[in-house]
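User: I'm new to this one and would like to go through it piece by piece. Can we start with a loop?

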Amino acid sequence: LLLSLLNLAVSPGSRRLANRRCFCAAAAAAVIATPPQAVAASPTTAAIYDAEASAYDAAYADSLVSRAVGFDSLRRSVATRAHGDVLELGVGTGLNLPFYEPASVRTLTGIDASSGMLELARRRAGDLPLGPRVTLRIADAAALPFPDSSFDAVVDTFGLCVFEAPGAVLSEVRRVLRPGGEVVLLEHDDGPVSRALAFTRGTSAVAATCAYDQDVAALVTAAGLRLSESEPVAGGFLRRVVAGRALER
């Protein structure tokens with residue numbers, strides 16, 4: 001069974017259609033049997049996800065693997081924590097958008113490096129009650145174009161693994177987060193499963209953009225954020241984190 005799933009995860013069809021998060025989810029499922037958003041990306045990385053944008057939802061959101069792993073439920077657990085003025089990093093095609101609570105979110109700003117992904121996110125937002133309060137734009141997560149203390153919540157799902165400077169991104173997150181606000185993350189995390197999957201980064205250009213063996217909790221605290229929740233999910237391949245601003249330094 002494990003070999004069959006692994007073959008599915010790294011098959012030529014999967015490599016052709018998958019983007020960073022799809023590929024990582026499929027490979028994770030193969031090992032534990034239980035992404036293209038690329039803000040702060042180089043032009044080359046952004047181009048990779050532009051090229052894969054039209055295939056993203058079919059390959060990722062609608063795949064049997066992502067459903068089996070329960071990615072919609074994981075996304076919902078993150079998005080429903082957000083309130084007030086919300087910033088989502090690497091919004092991609094907007095797969096998290098349906099899970100935000102309209103009664104809790106005043107405004108939602110989503111950023112990404114891929115114009116192709118953002119176009120699909122705009123279409124998705126247009127069909128949602130929250131749509132009129134959603135703003136989507138190209139931006140660099142390592143140099144956010146927002147004033148200090150702009151947001152009550154910052155959300156990211158599967159973005160730290162592709163950001164070229166995740167520490168700089170999290171420092172920017174801290175800067176734009178309001179006192180008392182929350183950072184809510186769902187990320188690929190360092191651990192035995194991630195290390196076992198290191199070889200998969202060489203299977204395609206898309207997979208190569210995903211460094212899914214980072215110590216997420218360490219990155220968060222190093223950026224001056226205070227952990228309030230840190231929970232391994234999906235067999236330890238992913239980590240869900242909630243953090244706030246630490247004392248001013």
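User: Where is Ser149 found?
Analyst: Ser149 sits in the loop between strand 3 (134-138) and strand 4. This is a predicted model, and in it the phi of Ser149 is near 55°, a positive value in a residue other than glycine.

User: What about the phi of Ala234?
Analyst: Ala234 is not a glycine either, and its phi is positive, at about 55°. Ala234 belongs to the loop between strand 6 (225-233) and strand 7.

User: Which side chains does the side chain of Arg239 make polar contacts with?
Analyst: One is the side chain of Asp189, at 2.7 Å. Another is the side chain of Ser230, at 2.9 Å.

User: And what else is Arg239 in contact with?
Analyst: Leaving aside neighbours within four places in sequence, the contacts of Arg239 include Leu185, Leu186, Glu187, Glu231, Pro232 and Val233.

User: Changing topic. How many aromatic pairs does the structure hold?
Analyst: There are two aromatic pairs. In one of them, the ring centres of Phe71 and Phe158 are 5.3 Å apart and the planes are at 20°, so this pair is stacked.

User: Which parts does that pair tie together?
Analyst: Phe71 lies in helix 6 (residues 71-79), and Phe158 lies in the loop between strand 4 (151-157) and helix 8 (166-176). The pair therefore ties together parts that are 87 residues apart in sequence. Phe71 counts as buried at 5% relative accessibility, and Phe158 counts as buried at 0%.

User: And the pair of Phe146 and Phe151, what form does it take?
Analyst: Phe146 and Phe151 are edge-to-face, with 5.1 Å centre to centre and 90° between the planes. Phe146 counts as buried at 12% relative accessibility, as does Phe151 at 5%.

User: Back to helix 6. Which of its residues are buried?
Analyst: Phe71, Leu74, Arg75, Val78 and Ala79 are the buried residues of helix 6. They cover an arc of only 130° around the axis, which puts them on the same side of helix 6.

User: What about the largest nonpolar core, how many residues has it?
Analyst: That core has 65 residues, and those with the most contacts inside it are Leu87, Leu89 and Tyr100. Strand 5 (residues 177-188) gives the largest share, five residues.

User: And where is Leu118?
Analyst: Leu118 is in helix 7 (residues 115-126). It is buried, with a relative accessible area of 1%. The C-alpha atoms of Leu118 and Gly92 are 6.0 Å apart, although these residues are 26 residues apart along the chain. Beyond neighbours within four places, Leu118 is in contact with residues including Val91, Leu136 and Ile138.

User: Last one: what pLDDT does the chain average?
Analyst: The average is 82, and 78% of the residues score at least 70. Over residues 1-40 the pLDDT is below 50, though this stretch has 118 contacts in the model beyond near neighbours in sequence. Where pLDDT is low, the predicted coordinates should not be read in detail.

Definitions and conventions:
Residues numbered from 1 in each chain as written. Predicted model: local features only at pLDDT ≥ 70, side-chain atom pairs only at ≥ 80, totals over all residues. Heavy atoms only, no water. Core = buried A, V, L, I, M, F, W, Y, C linked by side-chain atoms within 4.5 Å. Buried < 20%, exposed > 50% of the residue type's maximum accessible area, 1.4 Å probe, protein only. Helix = DSSP H or I, 4+ residues; strand = E, 2+ residues; numbered from the N terminus. Polar contact = N/O pair within 3.5 Å; in protein donor to acceptor, adjacent residues only side chain to side chain. Contact = heavy atoms within 4.5 Å. pLDDT = per-residue confidence, 0-100. Phe/Tyr/Trp six-rings, centres within 6.5 Å; stacked < 30°, edge-to-face > 60°. Arc of directions from axis to C-beta.
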